Amino acid sequence: MTVTDYFLPGSLSEALDLLGAHGPSLMVMAGGTVAMPLVNDGISLPGKVMGLRHAGLDDLREEGGGLYIGATVTLTRLLRQRAVPMLSEAARSTASWSVRNMATVGGNLFTPPPGGDVAVALLALDASVTLAGPAGTRVVPLGAFHTGFMTNVLQDGELLTGLRVPAVAGDTAYLKFGRKAANTPSVVTVAVRVARRGDTVTDARIALGAAGPHPLRAGAAERALVGSTLGPEVIEAVAAVAAEESQPFSDGVASEWYRRRMVRLFVTRALERIRQGGEGR
Amino acid sequence: MASVIVNFELCGRDVEVLVQPMATLQSVLRNQLGHTATKEGCRQGGCGSCTVLVDGEPMLSCLLPVEDVAGRRVTTLEGITPIDGLDPIQEAFLESNGFQCGYCTPGMVMVTRALLDHDPQPGREAIVEAISGNLCRCTGYQPIIDAIEKAADRLSGSGEQTGER
Amino acid sequence: MPEELNVVGRSVVRSDGVGHVTGRTRFAGDLVFPGMLHLKMVRSPLHHARIRGVDLGEAERVPGFVRALTWRDVPHNVYTILSLIGVEPEEEFVLAQDRVRYKGEPIVAVVAESEAAALEAVAKVRLDLEELPAVFDVEEALRPDAPVVTDWGNNTFMFEGHPSRRVRFGDVEAGFARSDHIVEAVYNSSPIEQAPTETTGCVAVPEANGRYTVYTNTQALYFSLDNTAIILQVPGKRLHFVGGTVGGGFGGKVDVIVEPIATLAAMKTGRPVRYVFSRSEEMQVSSTRSAWRIYMKDGVTRDGHILARKVTSYADSGAYSRQTPYALTKHAANAAGPYAIPNVSIDAYCVYTNRTPASAMRGFGVTMASFALEVQMDRIAERVGVDPWTIRFINAYHNGDRKPHRKIAEDATLIETMQAAAAFVGHELTDEQKAMTSAPRASLEGVR
């Protein structure tokens, strides 16, 4: 149906009130880069829509050695921050300049490839999401946010208000592989974080995108890595485990067969990058 | 449905429009304000032909409800075209044949404007990255990249000022 | 010195350049007229189905709905764009009647006060469809038990009484018998969408004098006008087509798809009507380059002379033939390539399937022939044991050669082109290759 009401709340409480008053039929939109195409083509015919651009959810600040990212912080602002280089890299790899000026970090968790690409980096950084609802606010680890293909723990009446990235140890690497050099959907996205004492890996995160129903951690590969020394054989073995436990899918971008091989290759490359110096953090 | 009134600044003048809720900036520019340089290639955020500047930043007018730009500064290609003659970016596109059918050109010029505002002397790689959201099906991009390089040289004063067409 | 030239050898600013860089160039979709209505199409969600019913009730109640058009409203609903050059039969439905033959085939046109209202009304048209088996492969479509796409019982287009466009030259079987090598291969291609940045569209405007002005981005202005006149059964003089500004075409805008129905809607409502494809319509329903399958068999002598070539090609025309018969004619004329081959047999089939109708795209018919035969030339070179340049010099056609479709070559330039190309890429040709020209052969000995 033709949109009869477009709400632009000026605060979180106003947004939650609107959500409460109109219920699940109210379409919630942040940057509009996913919702507007559906409306423009008549695929989605919402009657009432709430835009979050002016809801005051765009704080971006360093906090306790980590980062707080409001849900509607644009990908351009995430790209330009210097505190967490891997997040800058993740933002740079997403879409085009104009889209990044509109698309939001919170919104990216709801986009294809299922769950977005920025989330892959956020997973490797142990990020959590803040959800606000009529009953108050709760914090959910990002790893527990997605529950399936384009599904998540967000309840009716709740809004995702921001993300928190804690201070974490280790070197990081983020690699997104697409079919073009820029502005390209993901064949696979890999984010890794490795903490070492001496030569021994003490902690590891290996996060994968476009390799499952949502961004996921390769837990078995992480366990295989911890306690070992980062060398070519270990990297090779860990990448094989990651490929094995990944759950890739076929779509217009790549086949399941190809994606699984690319998981292996790009986990290898990411770990190699860390072995040879990493991106730092 | 009740229409709503939206005010914003368009190419240096204040405009007031009466729109249907969540009308796109693209449709308002094209259908109500006559700014048809803002093209309509996909309305999916995928082609860049509707690129405009909002407070100087390139955005896709097909994805922007016009209410979202209330009070903000919107610039279309009409706004950077001098009454007489051409902007140096337009001259460079003309001289380098940075177009063929012309449909992607307004978006290309707008993103070039924004790029050179941010980075007056971008390298070729930065140019390619900046226009990666603007699709051209005719040229193969090289003449467009040439045009942007030429415009950057001229505007930053490091290039030859031939003035020839 | 030749006389002073005004354009050749000079850099000239394009006459439409200033319009393009300023965005002042008027494309059809830029036009807005007072009282303009918006047309959106109800399309088949299935590849092949019988239409049991169409229910407009809910759509008609959408605020802003003006009217719907079905096949009953179209004066001459079954047409063929190439009927203007004598191609038969008329076969394509402006709006589907009892059957849809491809996904996205138009069934009902909805005209409304706003685009949003038109989209909403389209979503509320209820279709009662009975799904039928569909076929998507040219050779499967030619099997006797294949689902039939056309109304005449098989999936073959007839070229003047023959199921293929044929070329017969010399005796290929005798040529094969005298050959030292037989090189056989099959070449496949997928459909390709032209994907112009500006989608297909037009605005039809009723004028005070009873005429209709149609602003369109077609690549084929008069073709579109004439077909529109046929479909609407009005004299051509009542139609004024304004065009020439095309935001990318590449062959994707030569079919007459939007103008007839937009003009009909303008006639039925008395108001300007805008009908512009969405991007997804452009990708899904605008015609593509055909999918092709080409079987090629060559007989070659020990020293690399091609004695015989047999080609069997299938172009997937999709649900309707559109420009594909013409593409096949061009294909058949070019499948021997710029080579002198004394024995040639070509059969090129236009096959109907339940895919999106194919049509023109840059060099259509010839492009796939060139792809197949040039890869084939490399294969022949490999088999004979010479380099890819040599195999082409050996077989290059000369002026005066009779081509398989009986034309005498008059403007042969393959040899000179290869010589220039070799210089560009730094490939050293043999002295013999450097000395060759496309001049007529001294005797026909070289042609065997």
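The questions and answers below go through the chain contacts, the domains and the helix packing of this predicted model.

User: What ipTM does the predictor give the complex?
Analyst: The structure is a predicted model, and chain C has a mean pLDDT of 96, with 98% of its residues reaching 70 or more. For the complex, the predictor gives a pTM of 0.94 and an ipTM of 0.94.

User: Which element supplies the largest share of the side of chain B that touches chain A?
Analyst: The contact between these chains takes 22 residues from chain A and 23 residues from chain B. On the side of chain B, strand S4 (57–60) and helix H5 (124–130) each supply at least two residues. The largest share, 4 residues, comes from S4(B).

User: How many charged residues has the side of chain B that touches chain A?
Analyst: When the side of chain B that touches chain A is divided by class, 12 residues are nonpolar and 6 are polar. The charged residues on that side of chain B number 5.

User: Which helix of chain C gives the most to the side of chain C that touches chain B?
Analyst: This contact takes 30 residues from chain B and 23 residues from chain C. By class, the side of chain C that touches chain B has 8 nonpolar, 11 polar and 4 charged residues. The helix that gives the most to that side, with 6 residues, is H1 (residues 17–22) of chain C.

User: What distance separates the centres of domain 1 and domain 2 of chain A?
Analyst: Chain A is divided into domain 1 (5–51), domain 2 (60–165) and domain 3 (171–275). Taken over C-alpha atoms, the centres of domain 1 of chain A and domain 2 of chain A are separated by 19 Å.

User: Which helix gives the most to the side of domain 1 of chain A that touches domain 2 of chain A?
Analyst: In chain A, 12 residues of domain 1 are in contact with 18 residues of domain 2. The side of domain 1 of chain A that touches domain 2 of chain A has 8 nonpolar and 4 polar residues, with no charged residues. The helix that gives the most to this side, with 5 residues, is H1 (residues 12–22) of chain A.

User: Why is H3(B) described as oblique to H4(B)?
Analyst: Helix H3 (residues 88–95) and helix H4 (residues 105–118) of chain B have axes that come within 10 Å and cross at roughly 130°. Because of that angle, H3(B) counts as oblique to H4(B), and the crossing of H3(B) and H4(B) is right-handed. The angle that makes H3(B) oblique to H4(B) is thus roughly 130°.

User: Which residues of H4(B) make the contact with H3(B)?
Analyst: The residues of the contact of H3(B) with H4(B) divide into 3 nonpolar, 3 polar and 1 charged. From H3(B) come B:Ile89, B:Gln90 and B:Phe93, while from H4(B) come B:Thr105, B:Val109, B:Thr112 and B:Arg113.

User: Which residues of H12(C) make the contact with H11(C)?
Analyst: Helix H11 (residues 388–395) and helix H12 (residues 414–425) of chain C pack at an angle of about 160°, with their axes 10 Å apart, which makes H11(C) roughly antiparallel to H12(C). The crossing of H11(C) and H12(C) is left-handed. By class, their contact has 5 nonpolar residues, no polar residues and 1 charged residue. H11(C) contributes C:Trp389, C:Arg392 and C:Phe393, and H12(C) contributes C:Ile415, C:Met418 and C:Ala422.

Definitions and conventions:
Residues numbered from 1 in each chain as written. Chains lettered and ligands numbered in written order. Predicted model: local features only at pLDDT ≥ 70, side-chain atom pairs only at ≥ 80, totals over all residues. Contact = placed C-beta atoms within 7 Å. Nonpolar A, V, L, I, M, F, W, Y, C, P; charged D, E, K, R; others polar. Domains from an automatic or database assignment. Axes fitted to C-alpha atoms, helices over the stretch in contact; angles between N-to-C directions. Parallel < 35°, antiparallel > 145°, perpendicular 65-115°, else oblique. Left-handed = near helix turned anticlockwise from the far one by under 90°. pLDDT = per-residue confidence, 0-100.
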